[in-house]
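Please read it with the structure in view.

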Amino acid sequence: WMLLATMGQVGVFAQNIRIDMNQTYPEKTINLQKVADVKYIPLETTDEMLFNGIVTNLSAEGIAGFNKKEGDILVFDGTGKAFASFNHTGQGPNEYNKIYHLDVDWKQKAVYVQDNFRQKIRIYGLDGRHLRTIDLQETMQQGDLYSFSDTRLIYYAQPKSKPVTAYEPVTLLSKKDASKATLPFTKKEDNVVKATGGPFGDMKMSAKHVCSLQKLGDEVYVNEVTADVIYRVEKSNALTPLIQRTPSYQETIGKDFFLMLRGANKRYYFFKRQQALLEFQGNAATDPKSTYIAYDRKSKEIVQPTFTNNDYPSQDIPMSKILQCAGDTSQCYLLLEAFKLKEALEEGKLKGELKSIAEKLDEEDNPVLMVVEFKK
């Protein structure tokens, strides 16, 4: 395969993976214990460490996440023991207006916070001490900031004008001196999921943000959904084309759905076939046609998977959650709420290690992190 000329560069595909956006792939039930190692990490609960947010980095060194509404940043060690919690929401020079995303460099013991409102990256120690601030003088796309290597960050710049004119958004940023370099990838169109109808009549309103960068394990991928190719960013700065969608997004029928890479591990690539234009029912945008699919790197088959867990047979494992891979390993995770585990325990629905953990929980404890390490 040769890379499409519309991308502004030419290269050979590293893997023969093609996703047909018009095909209905078969459904398949997959037992997690047959394809992965599953373990559970109770996140320690203290008065200072109350977690109700999202995990953004999972590694052997530690676990980090944030409570989006409150602006709390929480750091646990690799076993789930509470390490630090801090909140620097405010108007001061060392504070963030709002957390749009964060990532961690465990080796340098640094937390990088995306403060989009002020076009800055705030850098804190794992204990919450402010280390320094990088002034970008441009806006990053929401959620698209990651620690790329020991020396560099990577982010996806927002267009400086509307309508979007062609520009190179994928930016590498030196952790040492904040010098920048852009990668030879050209963005030409907007990529927001929109909705119409409801209280807005025929107006098309932005309904769902779409990230263009994904850090999955220790690798970063460029998934510009209005293009036809998903790339892996190599440490050498090269862009390796991995996955192609058909038909082309540029075809009229292709504009109905975005192909979104949502997980990558030793066994699977996970995708969401995202409906591009939703409809409001009341005040909520419905999403009835979007589906999740998986490419099995071992068997080469493409399916719509449903996962089951031997330790919690009645558990509903939504693909929107289990496919998330965060941090410096290829592990995926799912947060299990303590009160739901207690209910399942009382109903006799838990087994094995998860049952033993649930027996020691209180209903108001922090969630249990279900960690899934897929095998090759």
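1. R118 and D115 form a salt bridge through their side chains, N to O at 3.9 Å. The term stands for a side-chain nitrogen of Lys or Arg within 4 Å of a carboxyl oxygen of Asp or Glu. R118 and D115 are both buried, which means under 20% relative accessible area, with exposed over 50% and partly exposed in between (1.4 Å probe, protein chains only).

2. The model is predicted: local features need pLDDT of at least 70, side-chain atom pairs count only at pLDDT 80 or more, and totals for chains, interfaces and linings use all residues. Residues are numbered from 1 along each chain as its sequence is written, and side-chain values use heavy atoms, leaving out hydrogens and water.

3. K180 pairs with E138 in a salt bridge, and their closest N and O atoms lie 3.2 Å apart. This pair links distant parts of the chain, 42 residues apart. K180 sits in strand β15, E138 in the loop between β11 (130-135) and β12 (140-147). Strands (E, at least two residues) are DSSP runs, numbered from the N terminus. K180 is partly exposed, because its relative accessible area is 41%. E138 is at 11%, so it counts as buried.

4. D115, R118 and R122 belong to one network, joined by salt bridges that share partners.

5. D105 and K175 also meet in a salt bridge, at 2.5 Å from N to O. D105 lies in strand β8 (residues 101-105), and K175 in the loop between β14 (170-174) and β15 (180-182). They are 70 residues apart. Both residues, D105 and K175, are buried.

6. How many salt bridges does the rule give? The count comes to 19.

Terms used
Helix = DSSP H or I, 4+ residues; strand = E, 2+ residues; numbered from the N terminus.
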